[in-house]
Amino acid sequence: NIHARLKLAGDEACIRLERIRTADGEPMSYVIDYVPRKRFGDKVLRPEMFSESLVVLLEEEFGVRFEYAMSWLTPLTLDESIATLLEVPVNTAALMIEEIHFDSKDQPVFLGIQYFPHQKVKFHIKRYRMRRG
């Protein structure tokens, strides 16, 4: 449940943004972001506001101070609707990344779900061993 993950009351408005991220005109990822309406105050929202980074928009225009994000990575295959948007074959292997971004008060700011087809995007993760004592 989106509202529960963002710690919202059931009647609070939540905006759903759907975007295709491109590189050199080619679709690279499909992104769905859920943002509580209250994060934008009384400002009238226009589509062009969301053409770039949501994090940058919230920081620069709305004074949000991001502290960290919790991420969940899930391998899957793309269904027809998402594969079509990303211009790849149905059942293409992909990585879904779900992230909840938190502010400096440890409150969730927004939930992002991103789909990356394997042939278009590669990730490298550097993991460190935690030292005891």
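## Buried aromatic rings

Phenylalanine 66 and phenylalanine 110 are both buried, a word used here for a relative accessible area under 20%, whereas exposed stands for over 50% and partly exposed for what lies in between, with a 1.4 Å probe and protein chains only. The model is a predicted one, in which local features need pLDDT of at least 70 and side-chain atom pairs count only at pLDDT 80 or more, while totals for chains, interfaces and linings use all residues. Residues are numbered from 1 along each chain as its sequence is written, and side-chain values use heavy atoms, with hydrogens and water left out.

A search of the whole structure finds six aromatic pairs, where rings of Phe, Tyr and Trp (for Trp, its six-membered ring) pair if their centres lie within 6.5 Å, and where planes under 30 degrees apart count as stacked, over 60 as edge-to-face and the rest as tilted. Phenylalanine 40 and phenylalanine 50 are both buried. Phenylalanine 66 and phenylalanine 110 also form an edge-to-face pair, with 6.1 Å from centre to centre and 85° between the planes, and this pair links strand β3 with strand β5, its two residues being 44 residues apart.

Ring pairs also link Phe40, Phe50 and Phe62 into a cluster. The C-alpha atom of phenylalanine 40 is separated by 9.8 Å from that of glycine 63, which is 23 residues away along the chain. Glycine 63 is found in the loop between α2 and β3 and, at 59% relative accessibility, counts as exposed.

## Around tryptophan 72

Tryptophan 72 belongs to strand β3 (residues 66–77) and is partly exposed, with a relative accessible area of 39%. Arginine 5 lies over the face of tryptophan 72, at 5.3 Å from the ring centre; a charge sits over a ring if NZ of Lys or CZ of Arg is within 6 Å of the ring centre and within 35 degrees of the ring normal.

Together with Tyr68 and Met70, Trp72 makes a nonpolar surface patch of about 290 Å². Patches are made of residues with over 30% relative accessible area and no salt bridge, like charges being joined within 9 Å and nonpolar side chains (Val, Leu, Ile, Met, Phe, Trp, Tyr) within 5 Å.

Asparagine 91 lies in the loop between α3 (80–86) and β4 (93–103) and is exposed, with a relative accessible area of 53%. Aspartate 106 lies in the loop between β4 and β5 (108–117), and its relative accessibility of 40% makes it count as partly exposed.

Aspartate 103, in strand β4, is buried, with a relative accessible area of 8%. A polar atom of the side chain of aspartate 103 lies 2.9 Å from the backbone nitrogen of glutamine 107.

Technical notes. Helix = DSSP H or I, 4+ residues; strand = E, 2+ residues; numbered from the N terminus. Areas by Shrake-Rupley, 256 points an atom, 1.4 Å probe, with all protein chains shown as cover. Salt bridge = Lys/Arg side-chain N within 4 Å of Asp/Glu carboxyl O. Polar contact = N/O pair within 3.5 Å; in protein donor to acceptor, adjacent residues only side chain to side chain.
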